[in-house]
Amino acid sequence: EENMRNWSHHHTTDTVDDPVFRAAMRGCDSVSFTFGLEVTWSLIQQRLQEEEERQAMMELEEAQKSDFSGGTDEDTLENDNDKLKRN
């Protein structure tokens with residue numbers, strides 16, 4: 001996470017939310033500060049879904065650009081009529 005406002009800042013290990021970390025650091029003063037960041041699985045899944053949707057929209061836009069750059073509707077109708085005449 002790039003936004004530092006989402007991180008917790010601790011001057012000692014005693015205030016860290018992680019009880020395992022606190023227990024491991026008990027009696028040790030070699031850490032001058034600690035940063036913490038809670039990551040939730042649902043938020044990760046939501047961001048992945050948003051990225052997939054964004055990618056799908058970009059692919060759709062590219063496909064639509066390709067369709068429009070292939071010629072006019074009149075050209076398409078003429079080509080279809082030519083095909084029908086040959087059959």
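Patches are made of residues with over 30% relative accessible area and no salt bridge, where like charges are joined within 9 Å and nonpolar side chains (Val, Leu, Ile, Met, Phe, Trp, Tyr) within 5 Å. A salt bridge is a side-chain nitrogen of Lys or Arg within 4 Å of a carboxyl oxygen of Asp or Glu.

**View 1. Nonpolar surface patch.** Leu37, Val39, Trp41, Ile44 and Leu48 make a nonpolar surface patch of about 490 Å². Accessible areas come from the Shrake-Rupley method with a 1.4 Å probe, and for residues only the protein chains shown count as cover. The model is predicted: local features need pLDDT of at least 70, side-chain atom pairs count only at pLDDT 80 or more, and totals for chains, interfaces and linings use all residues. Residues are numbered from 1 along each chain as its sequence is written, and side-chain values use heavy atoms, with hydrogens and water left out.

**View 2. Ile44 in helix 2.** Ile44 lies in helix 2 (residues 41-69); helices (H or I, at least four residues) and strands (E, at least two) are DSSP runs, numbered from the N terminus. Ile44 counts as partly exposed because its relative accessibility is 32% (buried is under 20% relative accessible area, exposed over 50%, partly exposed in between; 1.4 Å probe, protein chains only).

**View 3. Arg26 in a loop.** The loop between helix 1 (19-25) and strand 2 (34-36) contains Arg26. With 66% relative accessibility, Arg26 counts as exposed.

**View 4. Whole chain.** Three helices and two strands follow the pattern β-α-β-α-α along the sequence. Of the 87 residues, 6% count as buried.
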